[in-house]
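Hi there,

Here is the structure I promised to pass on to you. Have a look at it first, and then read on for what turned up.

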Amino acid sequence: MDFMTIFTQPQLLLLVGLGTFAGVYVGAIPGLSVTMAVSILISFTFAWDVLPALSLMIGIYMGGVYGGSRTAILLNIPGAPSAIATALDGYPMAQRGEAGTAIGVTTVMSFLGGFIGIAVLALAAPFVSDFALSFQPRDYMLLAVLGILLVGSLSQGSLVKGIFAGALGIAIGAVGRDPLTFSERFTFDLTIMQSGISFIAVMIGMFGVSEALAQLHHVDKEAVRQKIDRIVPSWATVKKHLPLSLQTSTIGVVIGALPGTGGDIAALMAYDHAKRVTKNPERPFGDGAIEGLVAPETANNAAVGGAFIPMMTLGIPGDAVTAIMIGALFIHGLNPGPMLMVEQPNMFWFIVGALVTANFFMLLFGLTGIRLFTKIVEMPRSVLIPMIMLLSIVGAYAVNNSITDVYWMLAFGLFGYFMRHYGYPLGPVILGVILSRLLDDNWRRAIISEREDLGAFFMGIFTSPLSLVLFLAVIFIFVSQTPAWAWFKGRVFGRRAA
Amino acid sequence: MKKILSGALGALLICASAAVAEYPEKEIQGIIQWGAGGSTDTVMRSVTPHAEEVLGGKVVMQNVTGGAGAIGLNQVAASNPDGYTLLMGAENPLLYKVMGLGDKDYSDFTPINILARGTAVLVANPDAPFDDYAGMMEYIRANPGQVRFGSTGPGGLPSVVTSMIQSVEGELDVITVPYDGDGPALTALQGGAIDVMPAVVGAAVEFIRGGKMKPLAVIDTEASESLPDVPTITSFNEGYAEHLPWGPFFGVFVPKGTPDDVVAKLTEAYAAGAENADFVKLMDDRGFTMMSISGAEAEEFLNNWQQGTAWLLQDAGLTKASPEEFGIERPAE
Amino acid sequence: MPQTDTHTIIDPEHHDGTSDATPGGEPTQRRPGELAFGAFLLIGSLALLWNAYGIAGFEALSSPGAIPMATSFVMVVTAALVLLRTSRLPPDRTETISRDILPPVVLIFAALLIGYGVLLRPLGFLPTSLLFLVISIKLLSRRSWAWVLMISVVCLVVIWLIFRIVFTVLMPPGIVPEAEFIQFFRNMIGGGAS
């Protein structure tokens, strides 16, 4: 049982392939999540050996993270939160009939990102996990602030409206019983509010139902014919974006390896990074820039390898899916923890092997069967729109088996419809919800640790190199979004800054 | 329309025949109070397949999370008491009333099986300037307001253990940093964000073995089988004996009012499931003490647990409402 | 059927923000209803701020109310700014609420969705969904009942198979005894589970 095991046992190979194939569809359907699929697989594979069970789960994981991009590109409905950024440039491409190109680039770049994530896992896992562990509550808080500043790049149009949307997201994330003290927040004394608002329900409502409602305005418009003859991107295209994809993959691995942050935040941060470093995109961002696909897709697939790093080296989950896999290892009689790498290094190499295999299968399934997916967009809208609505309802229910989530989803669907019409960007709302807990919990932990002393809190930032770097990044990104910076840049570099 | 009609008719027929069939004649819904990947989830997903074999039916398990488990509990409490909805939970509901988290607890349920009990252990970051419980207490007294304890919110295991320490040793001047679960808190312990964490043995044992944290004392009167070398807390201070043994537990419940034959069948199935060798090994590895009790024995266990813990928290000033208000008596000395 | 001619006259520059890339709204003009929406957001934000203050007041920096108060304060400020700016823009006279913001077809669908939410628990997933699909597809496609019914049933069966059978998501059964059905088939296939 080691790296080669998977390649010598056709049965395992088949299971990884099957898992990856299923994962693409699980990922593509909003409301079906990899987390859900993997926890169902625990019961399903209960009587199996551990290797086949893991093979299937790893396949689903890899395929699922990639699959979220499909519906993001084709329908402007991200199949998973980690594909939100992909919709920003992927959907405009599909509207021009270039869905094939977009899916091709996405697939190849996901493969590349996935591969880099696995490489880091295989070569530098102990180093990265030590680094990830060294993040203190203060650092997580700074990371969340850094994330919130992405509102700037997610708000095409009005920045003030974007900030409002971001703050709204954070408030939505705070609804319910606070997990640290159990005090009620924004519940208005209603029992129904106590469990909080599932952010998947918000996402499905805002992107699924509100999109479907907006599409009703042009229900009779002919669906755009998709060109799907040139799917695999040329070597020149890949080469051109190689430097960017290496950078965004790094973002993906690190954010993925941090316990408490995952592919969703990684993808948004990578998108922001791409916007910052790309000087002359062929098309502007938000209008179908290839870089806008490269960045989030490399990052979210690199985050898969990243999430396995603390799991394999320390027994600490890097995200929700790896948390369930740790449970699966227990059930199958293994003891995941820091000793797993020492006592059973073969298990580590088997997982690396399975991830590599899943990554290749993802490339294979990603580049084939696109016709079937594009057929979905070419379906008459009179059928497509009701289907999207029904799927949104079922998906929202499935998150936590709760009708309340369905009501929330519908409410946010209607609210999002008005937001769209009056020019409020929806991306920052989801960003805010994703970051809400990260910001709130860690701010409170950090300040409690300093006994409510703000002075000591700031001293802490300046005495820890990691905190200092994050703090300076926050300052830099903040300043670079202000008009003063544009003026400064114009003076120094002698050209008009955007 | 025809389709619906014929469907309804067929359904009616099946219903009629179902009335005489034996339980279970359809799949059973198992509501897990806590999220996927957590210890309640892991335990329930490993015992249930063995119970299914005896039951001869399928149990579909779902995680209904939120409100410290109260959402899932209320959902099952509101369901039909027909044995088709099970609650798979942990110890927390017994504290809902005093912590102001809900007005229902296990007194609204019939226990099917209390599967196992966990033991708590006090662990510290390997770099902490003390190596055992006595050293820790000394350090805390010498450096008031310096040591950071991890917690998992009011009513969680760490808060109960901390209350125990306060009731035996007097006021503790430490910083309590809240986390949303023992997993994240133990991660923070390894990263040095907190210094000491009371945790269940199962969650910490692998990290201790790997040298990522050091055990200070087992919160029990006898050494744990998983950590035979770690001294018990009573070996440092006999005063703990009155509160011990104490630990979190896992159990399967049905709403009160479920027919007796259904309860009997479920009890039989889960008792058999709990005896399965694979399951017992899994629980041993994780440092849990198998209990597998039901009926009056289980109710008495729940009652004692609730009395002891609720009053401990009450005396530490951590409760929202006095146990007295809910008729929870102070445990007899 | 009021919607038969509505879509044809919808202005192609609909500003509905069907893509985040081309956000809706008009930067230089005020759309119908925009002022009311802005006012609604401001009032909502004020209510949230008041509620956030009620969580713990100014008790401590680490109180559960600290971040909610900060965020709802940002919401109030930005909502007020947006409202101020919106009120200064000239209204767009070419648009009307009933044509560009809430055309009848959108209202009908909003009503259908709300109806779905109301009926889901008492009626159950399968009947409610079938009803929803049949009505909505019929409204939009204006094809024959047979065609609509066939498409709806096929779609519903696919969704049901994926979610109910593969992912064991137990949607509210309502009046259809789904679980008994499934057990019936399980028994037929497996010859009895025990």
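Please keep in mind that this is a predicted model.

**Chain C against chain A**

On the side of chain C, 79 residues are in contact with 81 residues of chain A. Together the two chains bury about 6,700 Å², and carbon and sulfur atoms account for 76% of that. There is one salt bridge between chain C and chain A: K161(A) pairs with E34(C), with 3.5 Å between the closest N and O atoms. Eleven residue pairs, both residues at pLDDT 80 or more, are in polar contact across this interface.

If you want to find the side of chain C that touches chain A on your screen, look at the helices α2 (34-56), α3 (66-88), α4 (97-101), α5 (104-123), α6 (125-141) and α7 (145-166) of chain C, each of which supplies at least two residues to it. The largest share, eleven residues, is from α3(C). By residue type, this side of chain C has 50 nonpolar, 21 polar and eight charged residues.

There is also a record for this chain: an unreviewed UniProt entry places "domain: DUF1468" at residues 38-172 of chain C. That stretch is 79% helix and 0% strand, and its end C-alpha atoms lie 37 Å apart.

**Inside chain B**

The domain assignment divides chain B into domain 1 (24-117 + 248-326) and domain 2 (120-243). Taken over C-alpha atoms, the centres of these two domains of chain B are 26 Å apart.

How do they meet, and how many residues of domain 1 of chain B are in contact with domain 2 of chain B? The count is 14 residues of domain 1 with 16 residues of domain 2. Between them, the two domains of chain B bury about 1,100 Å², 66% of it from carbon and sulfur atoms. In domain 1, the residues that lose the most area to domain 2 are P248(B), R286(B) and L312(B), which together make up 39% of what that side buries. The interface between the two domains has zero salt bridges and one residue pair in polar contact, both at pLDDT 80 or more.

On the domain 1 side, α4 (93-99), α10 (277-285) and α11 (295-315) of chain B give two or more residues each. The most come from α11(B), with three residues. This side of domain 1 of chain B divides into eight nonpolar, two polar and four charged residues.

Best wishes

Definitions and conventions: Residues are numbered from 1 along each chain as its sequence is written. Chains are lettered from A and ligands numbered from 1 in the order in which they are written. This is a predicted model: local features need pLDDT of at least 70, side-chain atom pairs count only at pLDDT 80 or more; totals for chains, interfaces and linings use all residues. Side-chain values use heavy atoms; hydrogens and water are left out. UniProt positions are given in the numbering used here, feature names are shortened, and annotations may be inferred rather than shown by experiment. Helices (H or I, at least four residues) and strands (E, at least two) are DSSP runs, numbered from the N terminus. Contact means heavy atoms within 4.5 Å. Buried area is the accessible area (1.4 Å probe) that two parts lose on being put together, summed over both. A salt bridge is a side-chain nitrogen of Lys or Arg within 4 Å of a carboxyl oxygen of Asp or Glu. A polar contact is a pair of N or O atoms within 3.5 Å; within protein, one must be able to donate a hydrogen and the other to accept it, and residues adjacent in sequence count only if both atoms are side-chain atoms. Ala, Val, Leu, Ile, Met, Phe, Trp, Tyr, Cys and Pro count as nonpolar, Asp, Glu, Lys and Arg as charged, and the others, Gly among them, as polar. Domain bounds come from an automatic or database domain assignment.
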